[in-house]
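Colleague: I would like to learn how to read the features of a model like this one, step by step. Could we begin with the strands and then move on to the charged side chains?

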Amino acid sequence: MVLALLSAAFMLAGCQKIKDIRVTSTKIVSLDIRGLSGAEIILEAGVCNPARQISLSEIEGELKHSGKVLGRVAVAPIVLKPKSQEKYNIEATVRIAEGATLR
């Protein structure tokens, strides 16, 4: 999901070099379950950014399975360094929707 959000943000910007920004790797660094209502997740994403500095904020989305909304995810703001290949820790909060179960 994070990959889709990053890709969408880059494509909307319109600059040729921004279109060349790509995610090179991803892995889960930590997962902290918050009872039955959600979780705090830290993902490590490798990003190749040949463009200028990019700031991404207000990233939110829905988690769906078979058309049903299971929850919502909110990602902390991210600033991508210009002309770099870096790994970024991306913090996300997941909240389970009412009536949804973790099973």
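Modeller: Strands here are DSSP runs of E, at least two residues long, numbered from the N terminus. Read that way, Arg 95 lies in strand S7, and please keep in mind throughout that this is a predicted model.

Colleague: Which residues does Arg 95 touch, if residues up to four places away in sequence are not counted?

Modeller: Arg 95 touches Arg 34, Ser 37, Gly 38, Ala 39, Glu 40, Leu 70, Gly 71 and Arg 72. One of these residues, Ala 39, is 56 residues away from Arg 95 along the chain, while the C-alpha atoms of the two are separated by 6.7 Å.

Colleague: Is Arg 95 buried, partly exposed or exposed?

Modeller: The general idea is that buried means under 20% relative accessible area and exposed means over 50%, with partly exposed in between. Arg 95 has a relative accessible area of 40%, and therefore counts as partly exposed.

Colleague: With which residue does Arg 95 form a salt bridge?

Modeller: For a salt bridge we look for a side-chain nitrogen of Lys or Arg within 4 Å of a carboxyl oxygen of Asp or Glu. Arg 95 meets this condition with Glu 40, the closest N and O atoms being 3.3 Å apart. The pair links distant parts of the chain, since Glu 40 is in strand S2 and Arg 95 in strand S7 (residues 84-96), 55 residues apart. Glu 40 itself counts as partly exposed, because its relative accessibility is 25%.

Colleague: How many salt bridges does a search of the whole structure find?

Modeller: The search finds 7 salt bridges. Another one of interest joins the side chains of Lys 87 and Glu 44, at 3.9 Å from N to O. This pair, too, links distant parts of the chain, with Lys 87 in strand S7 and Glu 44 in strand S2, 43 residues apart.

Colleague: Why is Lys 87 called exposed, and why is Glu 44 called buried?

Modeller: Lys 87 is exposed because its relative accessibility is 57%, whereas Glu 44 is buried because its relative accessible area is 18%. Leaving aside neighbours within four places in sequence, Glu 44 is in contact with Ser 25, Thr 26, Lys 27, Val 29, Lys 87, Tyr 88 and Asn 89.

Colleague: Which residues are linked in a network of salt bridges?

Modeller: The network consists of Glu 60, Glu 62, Lys 64 and Arg 72. Within it, the side chains of Arg 72 and Glu 60 meet at 3.6 Å, N to O. Arg 72 lies in strand S5 (residues 68-75) and Glu 60 in strand S4 (residues 59-65), so this pair ties together parts that are 12 residues apart in sequence. Arg 72 is partly exposed at 40% relative accessibility, while Glu 60, at 53%, counts as exposed.

Colleague: In what sense do S1 and S2 pair, and over how many bridges?

Modeller: Two strands are said to pair if DSSP finds at least two bridges between them. S1 and S2 pair in the antiparallel sense over 11 bridges, and Arg 34 stands opposite Gly 38 in S2. The two strands form a hairpin with 3 residues between them, and Gly 35 in the turn has a positive phi of about 65 degrees.

Colleague: Which residues make the nonpolar surface patch?

Modeller: Ile 28, Leu 31 and Ile 33 make the patch, which covers about 320 Å². Leu 31 is placed in strand S1 (residues 22-34), and counts as exposed because its relative accessibility is 51%.

Note on methods
Residues are numbered from 1 along each chain as its sequence is written. This is a predicted model: local features need pLDDT of at least 70, side-chain atom pairs count only at pLDDT 80 or more; totals for chains, interfaces and linings use all residues. Side-chain values use heavy atoms; hydrogens and water are left out. Patches are made of residues with over 30% relative accessible area and no salt bridge: like charges are joined within 9 Å, nonpolar side chains (Val, Leu, Ile, Met, Phe, Trp, Tyr) within 5 Å. Accessible areas come from the Shrake-Rupley method with a 1.4 Å probe; for residues, only the protein chains shown count as cover. Helices (H or I, at least four residues) and strands (E, at least two) are DSSP runs, numbered from the N terminus. Buried means under 20% relative accessible area, exposed over 50%, partly exposed in between (1.4 Å probe, protein chains only). Contact means heavy atoms within 4.5 Å.
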